[in-house]
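Morning, everyone. Please bring up the sequence and the model side by side, and we'll walk through them together.

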Amino acid sequence: MTLPYRDPNLSIEARVDDLLARLTLAEKAGQLTQYFYLGVAMNIPADFDIESLPEEHRAFLRQPLMVQAAIRSGGTGAVLFAKDPATINQLQKIAAEQSPHGIPLLVGYDVIHGLRTIFPVPIAMAATWSPEVAEKAQAVAAREARAVGINWTFAPMIDVTQDPRWGRIVEGAGEDPVLTSAIAAAQVRGFQGDLTEHNVLAGPKHFAGYGASRGGRDYDDAEISDAELWNVYLPPFRAAIEAGAANVMSAYMDLNGVPASGNTWLLTDVLRDELGFDGFTVSDANAVRSLHTQHFARDLTDAAARALAAGLDMEMAMFDPAYQRIPDAVAVGQLTEKEVDQAVRRVLTAKFRLGLFENPYVDQEAAATVLTAESARELAREAAERSIVLLKNDGERLPLAAGSSGTVAVIGQLATGQRDTLGPWVFDHDTAETVTILDGLRARAEDGTTIVYAPGAGITERIHPSPFDRMDPTVETTPADYDHDTAIDQAVELAAGADIAIVVVGQRQNQIGEKASVSTLDLPGRQLEQLQRIHATGTPVILVVMSGRPLDLRWADGNVPAIVQAWYPGTRGGDAVASVLFGDVSPAGRLPFTWPRHVGQVPMIYSHHRTFQPEEQHQRYTDDASTPLYRFGHGLSYAQFAYSDLAVSHDRIAVGQHLTVTVTVTNTSERTADEVVQLYTHQRYGTSTRPIRELKAFRRVTVAAGQSIPVEFTLGQEQLRYWSAVTRGFVQDETTIDVFVGGSSAADLTVTFDVGS
């Protein structure tokens, strides 16, 4: 007889009800527990000395047998970090055929910007200002992940980040809630779509406010006003939920004195009641155990009870999960079984939605075909091209002259770093197929052009490498005995004899990301010294920056005519950089953050409030400029664009009504190119003060040479309302609104309308 929960003809709700009624309390706790499965997942070299690791890292590598035993007994319903299809099939076989009820596993993974095909890092994808490209990229990532058996990604990361010292700025979409919301929704659609056999569950993170850690220090607590929380940090989560996200990950840190992973107001009142989320929640790694570390919970049983009661459905654990103590918490009255059932119901619903009960296994042979698709690599190249930002181009130094001959010196370790080109947060990459910047330039250079290379200044690595660095043989490092003086001398000599020098500077991929916050934005090592010496030779210099955060480019901006922000561009990144430098593609990436002059200005955002004295009448710093090096939304092009005919459909609208804003964009140059049209508003007066400018809409458009196109936006209550501390809720004021449209946050074409009765 077919058990009801095995019958695909029944509704998911009916199947969940039947299965839930069959589970013991211990098995329910198992469904709410996710284990790391690292031992065979990291491709550890045979000669790697496991005993050289700290004990907590050695524990990772002893886990496989323990986790398999937990699956077999019904003690876990999810794993993470398994990536090999044969391994995942083995684990699913244990779950489906040897566990008490044959419940398949959720298999989660950090598919952040690609699995095998690596796309530009998320901050670079935001720099495309093209949600469509982000959606396509994550659809490719989802297809690759699902092909190997991964059915859930811990992405997108949608923490708004206004302090570039924070290492995880590279994983998000920058400082602005509107841009972050658009990119967040697109990524959810790409990952999850209609949840076919080619999709994975999307898991936006970290709920909420993790990007506001004090001083940009990873894991530090965050103190965020209610107005800032509702107006800046929560909108991207609302957008992701409205796009259908099935999972949300909680944050590590204290938010206003209460840990986010045990915060009932945050996880229930806000996430479910206000934002309407109906999926399941999961903690970040060990965040439930951390409730005890944070002096919030009395012990691990108390931590489990308080987290689950707050609304945290599943615990992600490296070892000794607190949620295995759920039966104890129920026994002493800290939890009710009804509360446990509610969480289990959400997890089981996700498994039925994925179709795992009917098909828990993957085709191992077909996976290889999916992972090697050339179409995916081409999309990675296109995404990288669209992400590159031309920061400066005095004298039209770029693009490099077509058909010119001569010697081009390429300088910098990052120009040949295969692993560095991919960026952080990738774990199943094929490093050998990475196209580096040097590779791309050599492949693109025309006959008569000679490309020469010198690594030059060594880039110092992280002081405390992560366990992932230690176990990844592809991570590039500078040897301890590297002769920096000789290397710089050789690089300068090579550049001096060349017709042009392309100097690649920045940070290695493991100098940014989790546990990679910094107290300075200086170029690591002696890269600045080397750049200055090359400039002094008189050879024309083009600077290419590889980073995921703004770096101190004050000297470069004052002395180098052309500066290109390449980010960590991914598998085909070198091809993309070459396409931009040689002019095959006109750059149209735009900055998703404000680029400060130096770390002393941090935090600096474009959407600040006006104080009692306007900026133009008061220097905020007495020892330096109060303006950024490059504004939010900044980016140059090889084409020129003119804006005209800005108009609104109505001079006055009532509260709740909408209007359209139209503008004409003209390409006044002789080459077709993309432009990012940006619309900002300012509310002159109201219940609360509003920022001097706020991004409300944008559109990336292609404009043919010499052509004009109309661009239209809609403004209504959704764009004009805001959360006010005066009313303790959202308001839309009767007021006057200034509208600014142009190619960056410095847009000066203006029109005004009134909101009133």
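With that, take Arg728. Arg728 is in the loop between strand E23 (722-724) and strand E24 (729-731). Its phi is near 55 degrees, a positive value in a residue other than glycine. Arg728 is exposed, at 51% relative accessible area. Keep in mind that this is a predicted model.

Asp645 sits in strand E17. Asp645 is exposed, with a relative accessible area of 57%.

Now step back to the whole chain. How many helices and strands does the protein chain have? There are 25 helices and 26 strands. The C-alpha trace spans about 80 × 75 × 50 Å along its principal axes. For 757 residues, a compact globule would have a radius of gyration near 27 Å; this chain has 26 Å, so the two agree. Of those 757 residues, 62% count as buried. The chain exposes about 27400 Å², and carbon and sulfur atoms supply 48% of that. Look at the contacts between residues at least 6 apart in sequence: 79% of them join residues at least 24 apart.

The largest nonpolar core has 119 residues. Which residues have the most contacts inside it? Leu106, Phe207 and Ile326. Helix H15, residues 337-354, gives this core its largest share, eight residues. Apart from that core lies another one, of 70 residues, with Ala127, Leu391, Val503 and Val564 among them.

Zoom in on Ile326. Setting aside residues up to four places away in sequence, Ile326 touches Ala29, Leu32, Ala304, Leu308, Leu335 and Val340.

Phe207 also takes part in a cis peptide bond. The bond joins Phe207 to Ala208, with omega about -10 degrees. Ala208 is in the loop between strand E5 (201-202) and helix H9 (226-233). Another cis peptide bond joins Ala155 and Pro156, with omega about 5 degrees. Pro156 is in the loop between strand E4 (152-153) and helix H8 (177-192).

On to the rings. The structure holds 21 aromatic pairs. Start with Phe81 and Phe427: centres 5.0 Å apart, planes at 70 degrees, so edge-to-face. What does that pair tie together? Phe81 is in the loop between strand E2 (78-80) and helix H5 (85-98), and Phe427 is in the loop between helix H18 (418-422) and helix H19 (437-444), so the pair ties together parts 346 residues apart in sequence. Both phenylalanines, Phe81 and Phe427, are buried.

Then there is Tyr606 with Tyr680. This pair is edge-to-face too, at 5.6 Å centre to centre and 80 degrees between the planes. Tyr606 lies in the loop between helix H24 (573-581) and strand E17 (641-648), Tyr680 lies in strand E20 (residues 673-683), and the two are 74 residues apart. Tyr606 is buried at 10% relative accessible area. Tyr680 is buried as well, at 0%.

Ring pairs also build a cluster. It links Phe36, Phe81, Tyr109, Trp425 and Phe427. On the face of Trp425 we find a charge: Lys205 lies over it, 5.6 Å from the ring centre. Elsewhere, the charged end of Arg690 sits over the ring of Tyr722, 4.3 Å from its centre.

Ser579 lies in helix H24. Is Ser579 buried or exposed? Buried, with a relative accessible area of 11%. Beyond its neighbours within four places in sequence, Ser579 is in contact with Glu385, Asp584 and Val585.

Last, Val452, in strand E13, residues 449-454. Val452 has a relative accessible area of 22%; buried means under 20%, so Val452 counts as partly exposed. Not counting residues up to four places away, Val452 touches Thr407, Val408, Ala409, Val410 and Leu494.

Conventions:
Residues are numbered from 1 along each chain as its sequence is written. This is a predicted model: local features need pLDDT of at least 70, side-chain atom pairs count only at pLDDT 80 or more; totals for chains, interfaces and linings use all residues. Side-chain values use heavy atoms; hydrogens and water are left out. A nonpolar core is a set of buried Ala, Val, Leu, Ile, Met, Phe, Trp, Tyr and Cys residues joined through side-chain atoms within 4.5 Å. Buried means under 20% relative accessible area, exposed over 50%, partly exposed in between (1.4 Å probe, protein chains only). Helices (H or I, at least four residues) and strands (E, at least two) are DSSP runs, numbered from the N terminus. Contact means heavy atoms within 4.5 Å. Rings of Phe, Tyr and Trp (its six-membered ring) pair if their centres lie within 6.5 Å; planes under 30 degrees apart count as stacked, over 60 as edge-to-face and the rest as tilted. A charge sits over a ring if NZ of Lys or CZ of Arg is within 6 Å of the ring centre and within 35 degrees of the ring normal. The radius of gyration is taken over C-alpha atoms; the globule rule is 2.2 Å times the number of residues to the power 0.38. Accessible areas come from the Shrake-Rupley method with a 1.4 Å probe; for residues, only the protein chains shown count as cover.
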